[in-house]
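These are notes for a colleague who is opening this structure for the first time. Please read them beside the sequence and the model.

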Amino acid sequence: MEQRSAARRTVPGAQAIARAAGLLRLVTASADGAPLHELAAGSGLSRSTAHRLLSALRAEGLVDQDPHTARWMPGPELYLMGTVAAARYDITGIARDIVRSLAVKTEESAFLSVRRADETVCLLREEGAFPIRSFVLSEGVRFPLGVASAGLAILSFLPDHDVDAYLSRHPDLGESWGRAHAETPLRRRLAETKARGYAVNPGLIVEGSWGMGAAVFDRDGRAEWALSLTGVEFRFGPDRLPALGRTLLAHAHQLSARIAGRAAR
């Protein structure tokens, strides 16, 4: 994030690119497309500026606009670029059966998320058999690190200097996401997560919707992904939480080993 800010100050045209990239992230985060006013508000741009950038992106095929609803959505060129990038970055192919197994064994909704700069992005969702579900998370949804259980798990296992730098870049987490995400209580939860091995989110995003997360590591031991579970509060009581944690960690270790094995080939 610091490198991005420095680039915006020194590279000609970087601010326009950063604004366009921000709009692309917002467009791809909305499953049914997003109206202009939401994209403008989310990006901090005026409607006219947002519309001008979106129109330029549409001309390049990176976004599209529904002629009936006027909502903006990902374009065909973005899909083509994504398929090429997936060959290098995507682990969903080797993770899908593990996420499905996690959902089957726990009967809760299971997820795979990836770290992207200071956020996590959900890549996969598998429904468990339990009929009451939480819909806080789905494919494409982003959260800041340290907010949802996946991001809390990843942030917990980053080097201390990276955690310090992240918190200095985001002093408003408590204001944006509630006092439980202010620096002091967040640091306490990070320490608890590291000691326990997995993160617990006791309904801090949506009341009554609990989550658990475990970091997944690359071949060099960096926390780059996370497996997580979400469900209703009574399913995450003290009698069940340790068993869920062990199952979650076992699946996270399995995926980390699979990633390391793929990189070694």
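1. Axes here are lines fitted to C-alpha atoms, for helices over the stretch in contact, and angles run from 0 to 180 degrees between N-to-C directions. The model is a predicted one.

2. Helix H3 (residues 36-43) packs against helix H4 (residues 47-59) at an angle of about 105°, and their axes are 9 Å apart. Angles of 65 to 115 degrees count as roughly perpendicular, so H3 and H4 are roughly perpendicular to each other.

3. On the H3 side of this contact are Leu36, His37, Leu39 and Ala40, which meet Arg47, Ala50, His51 and Leu54 in H4. By class, the residues of the contact are five nonpolar, two polar and one charged.

4. Six strands form an open sheet in the order E5-E4-E3-E8-E7-E6, with antiparallel pairing. Strand E5 (142-144) and strand E6 (199-202) are the edge strands, each pairing on one side only. From one strand to the next, the twist averages 30°.

5. E6 and strand E7 (residues 209-217) run antiparallel and are joined by four bridges. Ala199 has Gly213 in E7 as its bridge partner.

6. The largest nonpolar core has 28 residues, and Leu112, Leu227, Leu248 and Leu255 have the most contacts inside it. Elements giving two or more residues to this core include helix H6 (92-106), strand E3 (109-116) and strand E8 (223-232). Helix H11 gives the largest share, seven residues.

7. Beyond its neighbours within four places in sequence, Leu248 is in contact with residues including Leu102, Tyr198, Met212 and Leu227.

Terms used:
Residues numbered from 1 in each chain as written. Predicted model: local features only at pLDDT ≥ 70, side-chain atom pairs only at ≥ 80, totals over all residues. Heavy atoms only, no water. Pairing = 2+ DSSP bridges. Parallel < 35°, antiparallel > 145°, perpendicular 65-115°, else oblique. Contact = heavy atoms within 4.5 Å. Nonpolar A, V, L, I, M, F, W, Y, C, P; charged D, E, K, R; others polar. Core = buried A, V, L, I, M, F, W, Y, C linked by side-chain atoms within 4.5 Å. Buried < 20%, exposed > 50% of the residue type's maximum accessible area, 1.4 Å probe, protein only.
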